[in-house]
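Please look through the notes below with the model open beside you.

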Amino acid sequence: MRGLIIKDFLNLKRQVIPMLMFLIVYFFISLLTMDSSFFAGVIIIFGSMLPISALSYDDKAGFAKYALTLPVSRNTLVISKYVMSLILLLSASILAFINNLLIGKMDILENMAAVTLIMAVGCVIVSISLPSIFKFGVEKGRFIMIGIIMLGGFFGTFACLSISGGNIAMLYDDNGFGFTLNDSFFSGSQLYISVLVLSILIFLLSMSISIAIYRKKDF
């Protein structure tokens, strides 16, 4: 599995320079506006999209057919993509944490809570995108992923509004944008723990679905 992960990162190295240029630009925008959430959001989007790029390179090179001739199981091929995604998301979360310390005015606990939410969002994006791509291919999978995320965001917001009695407010302060909920919905720690646990469960469920899809896939 380690070899598969290294192969994916080597494929992604051609995107390092363009990605660094974008990140530098967004960092300075975040620095000028003193909005740490802006840069953190961009980082997590990059971390969530790079696994799709790795799959795209594999698809163009016909790597899947070649990989099946090697002593590597289909389960390992799928799991390696999820491990790579987790490494990218953890790296993105660390960068977001450092960014929040440098630009934002959060204390350590608030920073950890914000990064936890960012990590959870990235896990959900990856959890939606990978099964779609394994099932329908990179091009169709991207459109399906975008559609699912848009619908999920709409219904998720509606569900939160319903559960909290409509008492969710979007605020802007020195730390950027954020959601606040009344105490009757969840306390801060309960909310972050619940979101983290839910995202992990979704991630594991997604991996199981992808494995089941890939086992039956013909090449």
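1. Start with helix α1. Its buried residues pack against α2 (16-33), α3 (36-61), α4 (63-67) and α5 (74-102). Contact means heavy atoms within 4.5 Å. Helices (H or I, at least four residues) are DSSP runs, numbered from the N terminus.

2. A word on the source. This is a predicted model, where local features need pLDDT of at least 70, side-chain atom pairs count only at pLDDT 80 or more, and totals for chains, interfaces and linings use all residues. Residues are numbered from 1 along each chain as its sequence is written, and side-chain values use heavy atoms, with hydrogens and water left out.

3. Which residues of helix α1 are buried? In this helix, residues 2-12, they are L4, I5, K7, D8, N11 and L12. Seen down the axis of α1, these buried residues fall within an arc of 155°, so they line one face of the helix. The arc is that of the directions from the helix axis to the C-beta atoms. Buried means under 20% relative accessible area, exposed over 50%, and partly exposed in between (1.4 Å probe, protein chains only).

4. Now follow D8. Its side chain meets that of K7 in a salt bridge (2.8 Å, N to O). A salt bridge is a side-chain nitrogen of Lys or Arg within 4 Å of a carboxyl oxygen of Asp or Glu. D8 also forms a salt bridge with K81 (3.3 Å, N to O). D8 lies in helix α1 and K81 in helix α5, so this pair ties together parts that are 73 residues apart in sequence. D8 is buried, at 0% relative accessibility. K81 is buried too, with a relative accessible area of 5%.

5. K81 has another partner. It forms a salt bridge with D58, and the closest N and O atoms are 3.0 Å apart. K81 lies in helix α5 and D58 in helix α3, so the pair ties together parts that are 23 residues apart in sequence. Both K81 and D58 are buried. Salt bridges that share partners join K7, D8, D58 and K81 into one network. The count of salt bridges comes to four.

6. Next, the aromatic rings. The count comes to five aromatic pairs. F63 and Y66 form one that is tilted, at 6.2 Å centre to centre and 55° between the planes. Rings of Phe, Tyr and Trp (its six-membered ring) pair if their centres lie within 6.5 Å; planes under 30 degrees apart count as stacked, over 60 as edge-to-face and the rest as tilted. F63 and Y66 both lie in helix α4, three residues apart, about one turn of the helix.

7. Compare F134 and Y214. This aromatic pair is edge-to-face: 5.3 Å centre to centre, 70° between the planes. F134 lies in helix α6 (residues 108-136) and Y214 in helix α8 (residues 188-216), so the pair ties together parts that are 80 residues apart in sequence. Both F134 and Y214 are buried.

Technical notes. Helix = DSSP H or I, 4+ residues; strand = E, 2+ residues; numbered from the N terminus.
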